[in-house]
Amino acid sequence: MKNIIIALLALISATSVFAGDSSSGCGMGWEVAKNQSLVSSSTRSIVNATFSNTIAMTMGTSGCAKHSIVKNDAKGIHFAEANMNQLAIEMARGNGEFVASFASVFGCQNSRAFGSMVQAKYETVLPSESTSGVELYNNVKAQIKNNATLSSTCSLM
Amino acid sequence: MRLFLLLVLLCNLLVPAAFAAGISFDNLSSDQKDYWLKLLHYHKNSSRADSEKFFVSPMGKNNPNAELLADIDVFNDPFAKAGWFNYHPQCVFRERFEFLKRIGFLNGVKEQPCAELKEWVNGLNAESISLIFSSSYPNNPSSLFGHTMIRLNQSGKAANNTSDLLDYSVAFSAIPEHEDMGLVFAIKGMFGGYKGILEITKYYTKVNEYNNGESRDLIEYDLNMTPDELHRLLNHLWEIYQTTYFDYFFADENCSAVLVDILAVPFNHDNVNSHARWFYLPSEMIKVFKKIPGRIKSENFRASLKKQLEKQISIMPNNDVSELKKMASLKELRADYSNIPVLDGVISLLDFTRYRTKDQLTPDQKSMFRKALIRRSALAQAKVTDPLVYDQNNRPDLGHEPQKFSFFLRTEEAHSLIGVELKEGYHDLMSNDAGYDPFSQFDFFTGSLLYDKKLNRVSYDQLTFVNLISLHTYKFFDPQFSWAAKILSDRLYDLDCDLCHKFNARAYLGPTFKPTSKMALSLMTGVFGELSRHLEKGFRAGVGMEGSFLFQVTEKMKIGLFDELRFDATKKIKKDYYNQIGFKQSYFTGINNEWRLESSMVSKFKTFSTNTWINQLNYGFFF
């Protein structure tokens, strides 16, 4: 009986929310199946960057990895890939939670100085709308090296 | 004799050594039995884990004793392998191994190295956890129940100046095997057909997905927990992660139901997973932890992208808002433009539009977005300010329980009636909005019985399968209509017919405006259908419209005014109509208690003259 009830509810309400979802999640999905997740809707594909299999497996983020711990040497790339939208906005403002987190993946304790730098070098680190996460990461890394304050204080450089 | 020896040999091979040593499930203490069953995810004599790799014994899914004995055997076997990746069972079923060792069932066993597990635990670097509740997806009542996950908080965040975004999150999610659309998806979700797995990802992916992509608030509950509880949780997460999926059912084996079963392992004395109802709601998980003294350390509210934009606009002067609207539709941006609040507003508006339209900004919008970002980067660095304060009334721990039982006294013209109503769920427009999305309704499976004193008859009053109303505010940055849909059987009041019923369905659409956060004004129109043997042709169908005004007067009182007009298009649509107008008041005497006064008038079919006056006093309690 309960299944009938829920089915009726679902017929009414499920059509839109569950349609067209695509997931880039990690875990045992490879063993079961890939593609979708019931708990989110179709926006996931644009909010999570789509990682290539090679990059994802290298970073331990794909479903084929034995566990989904992001390897240290790829944390920055993963972060940039996944948060391009937020980073593009917060870097233009020179401040924000995502920029502060981006600073920390480079080991920069002074997120204010980091924010100021990426804001000042905005068009250099994000030269176009289609700049990839890897490019952003490498561009920022290069700018940190060129910055006297940050290059000496960011521990992971 | 040879036969006898052969039988003895076979018995030795088939009977686990642990059994031979007198170890059995029955010999465990009550607490130990309970813990073992939690580790195996048992519910009513069977485990909910559905991969055979989760069990060492072929009978493990239904026989906890067989699993206990088989586990002890493989833990003692240095060459045994288990799980997806063929690690040693001691490394795969880590919490089972440590539990059995703690209670003395594995004395003398040689411990195997578990490098992968150590790497995983070190990578997570967790020192505590937070429960994360995601509010519903706006204008989508099927997500009204919300969603839950946990966050593994890294150690030393404050010292290292790192944010929660870099933590890992753990969620239980169903994985459809194909691109199933609506109906197939829903049916499979109800009756089984999808597999659910643990998804472990960086928390920033979830913040992006829920906060930004779906404009859902994230409410974070940081827990107090001991190192031992954390250790056992990680062990258990690992053994699930390495071995099993769960068949996914929307009602009682969903994202929160499985997650709370996992949490029942480290918090084994807190009775967090009682599963008292036939369905399990995400809010239930939060509420149970909230009730445990001292378990929740602190709470944090991450407002959705939409709320952030609303707040940003609400604190701008009117002329800045006008300028923002104008600029967002332009192709060019002045090179010397320097009004930072407006520029920030344009950026936020276009960002929200990008998510709302699923990355379908027009070329002009894309161009303006890029120009606004570049221009903004040339202006002053944003200051670190105090966090903005958001309305947090939708926190799940504030809400009433989902099921409701009501008593009512009613008059229908000269008839006096008394009745009872049982609602399985969940929340309606006149209920207390604390803990829920304001002005939302998702009622399902509700039935009422009444006694008509004058007729001396008992009858059902109404049976609701589903009754949904989503009053989504129509705003310039989010121009979406509200909608309503219902399928039920209720009373026929516009004809002279005592205790008559009709099958009643409708689907309406229209705009809603909210002059303040406590007020909603809605006008919807759409189609309806009615079936009843008391109707002239046995049915009516046509166009209907409904206007409603809702006002949360105080924390304890809400009023609503409703008017619905229906035109029967199967006959002369201009003449065949009826109208129902009603005024409702709710008084909340506690989170789970409310009184309602309702008064409505239904016109006589084909006229606006009164056919039936209905007055009702109702007391209901949620449970």
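Helix H5 (residues 75–82) of chain A packs against helix H10 (residues 133–146) of chain A at an angle of about 125 degrees, and their axes lie 8 Å apart. This is a predicted model. An angle of 65 to 115 degrees would count as roughly perpendicular, and one over 145 as roughly antiparallel. H5(A) and H10(A) are therefore oblique to each other. The crossing of H5(A) past H10(A) is right-handed. From H5(A), Gly76(A), Ile77(A), Ala80(A) and Glu81(A) take part. They meet Gly133(A), Val134(A), Leu136(A) and Tyr137(A) of H10(A). By class, the residues in this contact of H5(A) with H10(A) are 5 nonpolar, 2 polar and 1 charged.

H6(A) brings Gln86(A), Leu87(A), Glu90(A) and Met91(A) to the contact, and H7(A) brings Phe98(A), Val99(A) and Phe102(A). The contact of H6(A) with H7(A) counts 5 nonpolar residues, 1 polar and 1 charged.

Now step back to chain A as a whole. Chain A has 11 helices and 0 strands. Its pattern along the sequence is α-α-α-α-α-α-α-α-α-α-α. Of its 157 residues, 52% are buried. Among contacts in chain A with a separation of 6 or more, 45% link residues 24 or more positions apart.

Chain B comes next. Its secondary structure comprises 17 helices and 22 strands. Along the principal axes, the C-alpha atoms of chain B fill a box of roughly 100 × 80 × 45 Å. Chain B has 623 residues, and 43% of them are buried. Contacts between residues at least 6 apart in sequence can again be sorted by separation: in chain B, 62% of them join residues at least 24 apart.

One helix of chain B shows how a buried side is built. In helix H7 (residues 115–124) of chain B, which residues are buried? They are Leu117(B), Trp120(B), Val121(B) and Leu124(B). These residues cover an arc of only 95 degrees around the axis, which puts them on the same side of H7(B). The spacing fits a general rule. An α-helix has 3.6 residues a turn, so residues three or four places apart point the same way. The face of H7(B) turned away from the buried side carries exposed residues: Ala115(B), Lys118(B) and Asn122(B).

What covers the buried residues of H7(B)? Both helices and strands of chain B contribute. The helices include H5 (89–92), H6 (94–102) and H11 (227–241). The strands include E3 (126–134), E4 (147–154) and E5 (168–175). After H7(B) comes Asn125(B), with a positive phi near 50 degrees.

The last stop is a single residue. Ser51(B) lies in the loop between strand E2 (46–47) and helix H4 (64–76) of chain B. Ser51(B) has 19 C-beta neighbours inside 10 Å, so it counts as partly exposed; a buried residue needs 20 or more. Leaving aside residues up to four places away in sequence, Ser51(B) touches Thr243(B), Thr244(B) and Tyr245(B). Ser51(B) and Thr244(B) are 193 residues apart along the chain, yet their C-alpha atoms are separated by 4.8 Å.

Key
Residues are numbered from 1 along each chain as its sequence is written. Chains are lettered from A and ligands numbered from 1 in the order in which they are written. This is a predicted model: local features need pLDDT of at least 70, side-chain atom pairs count only at pLDDT 80 or more; totals for chains, interfaces and linings use all residues. Helices (H or I, at least four residues) and strands (E, at least two) are DSSP runs, numbered from the N terminus. A residue is buried if 20 or more other C-beta atoms lie within 10 Å of its own, exposed if 12 or fewer, and partly exposed in between; C-beta atoms are placed from the backbone. Two residues are in contact if their C-beta atoms, placed from the backbone, lie within 7 Å. The arc is that of the directions from the helix axis to the C-beta atoms. Axes are lines fitted to C-alpha atoms, for helices over the stretch in contact, and angles run from 0 to 180 degrees between N-to-C directions. Angles under 35 degrees count as roughly parallel, over 145 as roughly antiparallel, 65 to 115 as roughly perpendicular and the rest as oblique. A crossing is left-handed if the near helix is turned anticlockwise from the far one by less than a right angle, and right-handed if clockwise. Ala, Val, Leu, Ile, Met, Phe, Trp, Tyr, Cys and Pro count as nonpolar, Asp, Glu, Lys and Arg as charged, and the others, Gly among them, as polar.
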